Amino acid sequence: MQLQGHTVIAFPAGSIMITPAFELTQDPDFLTIIIRVPYARASEFDVYFEGEDFKFYAKPYFLRLTLPGRIVEDGREKASYNTDEGTFTIRLPKEVPGQYFEGLDMLTSLLAPKKSRSAKPLVEEIAASAELSEEEEEEEFDWEIEQTPYEESSESTPPLQHPYGFGNLRSGVFQRLQDELSDVIDIKDPDQTPADERRRRRLEAEAAKFEPDHYLADFFEDEAIQHVLKYKPWWVDAHKKLTALQRESHQEHDTHTFVVFSEEEREQLRKFTNKSYLLDKRSRHHVYLGLIDILLAYCYEICVNEGDKNVESSWNIRKLSATLCWLESFTCIHDVLVSFGRRVLCYPLYRHFGLVTRALSDTVMILQLGKAAVLKCLLDIHKIFRESDPAYILNDLFITDYCIWIQKIKSKKLAALSESLQKTTLTKSHMGLELEELEAAAVLVQEEENALKAAGTVSKQQLLSSESETSDSEESSSTSSSETEGSDSDEQESSTSEDGEINSFQGTLEEERTAPLIDCNGLRQGTNTSALGVTDGTAEASLQSVSLPGKLIEELEMQMHSAMRLSEQPGGLATVSCVSQEQAENPVPKPDRFSEDAAGKGSFLEVSSKPNPLLFLCSTNEDED
């Protein structure tokens with residue numbers, strides 16, 4: 001299929017043109033345009049291309065593009081049609097082989113007509129005094145120099161003229177939307193509030209919202225935060241690939257290779273109404289800094305939810321961005337970072353400084369990937385707000401304009417912005433919330449608690465040791481007591497045994513006592529009295545306690561009376577004396593042991609020649625004593 005470079009395209013009167021879906025790619029020598037036109041007549045189409053202009057018509061589709069580079073008609077151009085897919089594929093030669101066409105994925109920008117063909121911008125939203133020349137547009141920014149805040153003029157400024165929105169181009173919007181105001185932004189009556197007053201109120205609200213307990217809880221118990229910090233969004237791998245390729249070839253590469261738009265995103269780009277924004281230097285500065293602020297909030301949202309969207313996604317983005325929530329106009333990069341850091345530590349669920357630095361690192365990578373990566377993020381934000389009621393108002397105020405504007409800026413501006421952002425330092429002391437002092441105090445308290453716990457553990461161990469020793473001592477005492485009881489028991493058994501022997505011996509003695517003693521003359525001798533006199537205390541009590549039958553006592557008395565006789569022998573004196581002494585110590589009423597004769601002289605028992613065992617026992621005991 002051959003193409004004619006200078007075909008005149010004529011449209012039927014009253015026809016409605018549809019902008020088809022399209023896609024552009026390139027290689028060193030050719031630009032390829034793929035146009036999807038289902039149900040179109042392949043036999044009836046027209047193509048026009050010359051220089052930077054490209055036009056395509058196949059009823060009812062019409063496409064007009066302003067290319068970022070020049071193409072030429074030299075006979076190498078080709079076109080083909082795929083009936084199954086309903087797509088035209090057109091290959092056009094580059095005028096300068098090897099030239100790199102920038103921004104082929106910026107579809108909204110490609111749809112714009114050439115500036116030279118229009119005396120005025122397609123949509124002009126600012127005064128003519130704000131028009132800038134192309135040279136001013138190319139002017140480099142010194143991102144590190146703080147700009148002097150713009151002071152509103154009270155003399156010439158009528159009511160409702162405190163602007164906000166993209167490039168501070170809007171005012172009076174919230175006066176018409178009072179019912180939905182509180183659900184979208186934090187500031188009350190923004191149309192009547194100047195920029196410096198908004199900033200003052202914002203800082204007061206952040207200071208009042210900061211909760212040290214919540215911050216310290218996330219600081220010490222950060223397992224969940226460390227988990228989400230490990231998440232890697234799509235731009236991390238894309239940035240690695242781009243960096244590696246640039247290191248190898250040292251040339252500029254099309255980010256389209258690393259940033260791919262979905263069909264839904266392409267469709268949204270085609271739906272945007274193309275606009276031209278004529279911004280002065282101060283407004284452009286605010287726009288760039290607002291872009292950083294919005295991207296930081298978006299990076300935080302993607303990180304903490306690990307790429308998934310939920311009902312809080314819209315709230316997170318607009319709450320963390322002072323540009324969206326307070327209609328803030330920043331003057332330097334450092335102010336943007338401080339504002340974002342403070343809001344991260346005051347509002348969302350996870351309030352950790354590590355999330356601030358992570359969002360900063362991600363934003364730098366996105367800017368380094370170029371316009372395509374920034375546009376993809378803005379389209380995602382646009383979708384989140386579009387599906388959240390009433391956050392869609394922020395699309396009208398900021399995000400839609402950012403999606404259109406980003407496609408037209410120079411890539412070197414984003415490169416310079418990312419470099420300045422990367423050089424800007426941010427520490428906890430910049431937050432103005434005394435974070436380092438809080439952490440130091442909390443660490444001291446934690447150390448004291450650990451010391452108290454350690455002391456308590458030692459005391460508990462000592463107590464347990466003491467209780468163990470006491471238990472051992474009690475067991476030892478119990479054992480000693482058992483041994484003592486056993487010894488006492490043995491002694492008692494021994495004593496019982498001895499008592500048994502004594503009782504047995506006493507029984508023998510009793511038998512001896514009850515048995516009549518026969519002297520050498522054939523007379524019986526009584527031994528009862530002698531036995532009572534010669535035994536020890538224990539035996540005495542036992543013997544005294546023994547009660548003899550009455551008849552036995554009478555018989556003994558009769559025997560004693562019959563055995564007694566007078567004797568003058570001195571040898572019996574000792575015996576009778578011994579018996580008398582014992583009777584004196586233990587007097588027992590007994591019959592008289594002495595019989596007196598008529599002359600009044602006492603008579604003594606005659607000592608028998610046969611030894612009496614009782615007398616022998618008494619003598620033996622006295623010798624032992």
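Guide: What follows is a quick tour of strands, helices, cavities and a few backbone details. Keep in mind that this is a predicted model.

Visitor: Start with sheets. What is the strand order in the open sheet of four strands?
Guide: The order is S1-S2-S6-S5, and the pairing is antiparallel.

Visitor: Which strands sit at the edges?
Guide: Strand S1 (21-26) and strand S5 (78-82). Each of them pairs on one side only.

Visitor: How much are neighbouring strands of this sheet turned against each other?
Guide: By 15° on average, with direction ignored.

Visitor: What holds strands of a sheet together, in general?
Guide: Strands pair through backbone hydrogen bonds, either parallel or antiparallel.

Visitor: What links S5 and S6 in their hairpin?
Guide: Four residues lie between the strands. In this hairpin, Gly86 takes a positive phi near 70°.

Visitor: What about S3 and S4, how many residues lie between them?
Guide: Two, and the strands form a hairpin. S3 and S4 run antiparallel, joined by seven bridges. Phe54 stands opposite Leu65 in S4.

Visitor: Which peptide bond is cis there?
Guide: The one from Lys59 to Pro60, with omega near 5°. Pro60 is in the loop between strand S3 (46-58) and strand S4 (61-71).

Visitor: Why point that out?
Guide: Because most peptide bonds are trans. Likewise, most residues other than glycine have a negative phi. Asp189 is not a glycine, yet its phi is positive, at about 55°.

Visitor: Where is Asp189?
Guide: In the loop between helix H3 (178-181) and helix H4 (195-209).

Visitor: New topic, helices. At what angle do H10 and H14 pack?
Guide: At about 115°, with their axes 9 Å apart. Helix H10 spans residues 313-320, and helix H14 spans residues 371-386.

Visitor: Is the crossing left-handed or right-handed?
Guide: The crossing of H10 and H14 is left-handed.

Visitor: Which residues meet?
Guide: From H10, they are Ser313, Ser314, Ile317 and Arg318. They meet Ile381, Ile384 and Phe385 in H14. By class, this contact of H10 with H14 has four nonpolar, two polar and one charged residues.

Visitor: Now the inside. How many cavities of 30 Å³ or more are there?
Guide: Two. The largest cavity holds about 110 Å³ of space.

Visitor: Which residues are closest to the centre of the largest cavity?
Guide: Gly165, His286, Thr323, Glu328 and Phe398 are the closest of the 15 residues that line it.

Visitor: Which elements give two or more residues to that lining?
Guide: Helix H9 (281-304) and helix H15 (392-405). H9 gives the most to the lining of the largest cavity, with three residues.

Visitor: What classes make up the lining of the largest cavity?
Guide: There are seven nonpolar, seven polar and one charged residues.

How values were computed. Residues numbered from 1 in each chain as written. Predicted model: local features only at pLDDT ≥ 70, side-chain atom pairs only at ≥ 80, totals over all residues. Heavy atoms only, no water. Pairing = 2+ DSSP bridges. Axes fitted to C-alpha atoms, helices over the stretch in contact; angles between N-to-C directions. 1 Å grid on protein atoms, 1.4 Å probe; cavity = no way out; pocket = protein on both sides within 12 Å on 5 of 7 lines; lining within 4 Å. Points joined across faces, edges and corners; volume = space filled by probe spheres on them. Nonpolar A, V, L, I, M, F, W, Y, C, P; charged D, E, K, R; others polar. Left-handed = near helix turned anticlockwise from the far one by under 90°. Contact = heavy atoms within 4.5 Å.
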